[in-house]
Amino acid sequence: HESTGLQSQPPPEEQSYGATAAHVRQGPFVSGSRNDPAKRAYLTAAVLCYANLINFMDWFIVPGILLDIQKYFKLSDEDTGLLQTVFILCYMLAAPVFGYLGDRYNRKIILGAGIFFWSGVTLGSSFISEWYYWIFILSRGLVGIGTASYSTIAPTIIADLFEEGKRTTMLSVFYIFIPVGSGLGYVLAASMADVTGDWHWAFRVTPCMGGLALVLLILLVPHRTQRRTAAHRALSISGTIRVAAEKPGVQRTAKTTWYQDVISLAKNWSFVWSSLGLTAMAFVTGALGMWVPLFLYRAQVVQGIVPPCLQESCNSSNSLIFGGITIGTGILGVIAGAEAARRLRKINNKADPLVCATSMFISALCLYVALMVAQTNILSTFVFIAFGELFLSVNWAVVTDILLYVVTPRRQSTAIALQILVSHLLGDAGSPYLIGTIAHAIQAKNAHSLQWSFWSMQYSFILCAFVGVFGGGFFLLTSFYIEEDRKEAER
């Protein structure tokens, strides 16, 4: 039996693509226990959450030891920003390919291949010599391709495993591992560099964790997970399913081409505006994730709190603190966002986009204040950065939930892939490089000094606050269309 708790399987052609099932027979579960499918669903979700943790740890190993990498390869701010940009570019270009495959082929096989690939490349990148910086950049791009296979497909499996009420909760748990994994990436990188005195060891831990994730995926995740469609969302009572498709006039939905799917999504304004809101989020989080530890270090140097880093292994305390902040605010933000949306949805059908818009505006204000006080009070800077990250994290699960109820199930992998493509293309693919380029240009026009090294980063970071305000505006626009698009998806 399937992990979704559905008794029978759809026809083979629907299993591979997710078209609306026309018939599901009533009857008891094969196991004889209605609890078994639920247990299997939670077990599958736990494995996917663990792999998501590793996924995002790999993303943020580089920013966690950025000072060491910058010194090792002798990089300017502009060249350093290129590291994360190449990673994100490869990630976003691969996402639509995996979205197409995920809607049509076995998702477990795609996930397993992705985990194996990115873990192997991460391990290999730890042995690259200082003379081969271009190979190190290439390795980050390949890791991006591997992680795209996971981020595109895993949420759709979770969406299929649970009914609507539990789905929001489980997606929240899944997305909690974005900030937790990101924060642990900083902590792992900084800790391994401190303990071993060699930053290369930071790249040798997550591949071992990836190997365990692959074993768990093979052993515990069902070979096929049934696509939950409109027919499967019918009333479920005591282990039986009563299917709406048995009523006259309900017909099987025909397959559509990828081009038709894209055209349909482009006409879905809730999807379009929420994707642009997510793009603004990605721009801000990408820039913060890459540069904040270095920015804090330069602020401390200007204030005389720490000396300039001249030795081989630089002080990693900012990465550890920022990693801790990212974990704490991420967990709190995702839980608070999901709970606020769940409660407000009962009194306002537009609650989801309004929650996202409000949190973006508050986050932008907090980040602006953090930048302004950085030169005089480092503690206040940490506090306001924490609040900025907290309100950014509020949106992660809510944005995905919006997508899942305004897009018909058989287009969801494609929709997630397109959202990944757009949000990264216009968001965090360019923001780390753009911030580094602006900072480098400001330094080039002024005398080389520790003061201008800090100011250049401070001035370039202000761009993030303005982008955050635009993001709030995009979510407000989403609220104008959300009710109509939801009804259309249900039809």
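E339 is partly exposed, at 28% relative accessibility. Partly exposed is the range between buried (under 20% relative accessible area) and exposed (over 50%), with a 1.4 Å probe and protein chains only. This is a predicted model: local features need pLDDT of at least 70, side-chain atom pairs count only at pLDDT 80 or more, and totals for chains, interfaces and linings use all residues. Residues are numbered from 1 along each chain as its sequence is written, and side-chain values use heavy atoms, without hydrogens and water.

E339 pairs with R342 through their side chains in a salt bridge, 2.6 Å from N to O. A salt bridge here is a side-chain nitrogen of Lys or Arg within 4 Å of a carboxyl oxygen of Asp or Glu. Both residues sit in helix α12 (residues 317–344), three residues apart, so about one helical turn separates them. Helices are DSSP runs of H or I with at least four residues, strands are E runs of at least two, and both are numbered from the N terminus. R342 is partly exposed too, at 36% relative accessibility.

Next comes R345. Its salt bridge partner is D401, with the closest N and O atoms 3.5 Å apart. R345 lies in the loop between α12 and α13 (351–373), while D401 belongs to helix α15 (residues 396–406), so this pair ties together parts 56 residues apart in sequence. D401 is buried, at 2% relative accessibility.

A further salt bridge joins R486 and E490, with the closest N and O atoms 3.6 Å apart. The two are four residues apart in helix α18 (residues 450–490), about one helical turn. E490 is exposed, at 56% relative accessibility. Elsewhere, salt bridges with shared partners link E339, R342 and R343 into one network. The structure holds seven salt bridges.

Now the setting. The protein chain has 18 helices and two strands. Of its 491 residues, 59% are buried. The largest nonpolar core has 131 residues; I65, F136, Y150, W199 and F461 touch the most other members. Such a core is a set of buried Ala, Val, Leu, Ile, Met, Phe, Trp, Tyr and Cys residues joined through side-chain atoms within 4.5 Å. Helix α11 (residues 269–303) gives the largest share of this core, 17 residues. Domain 1 (36–222) and domain 2 (258–490) both contribute, so the core lies between them. Those domain bounds come from an automatic or database domain assignment.
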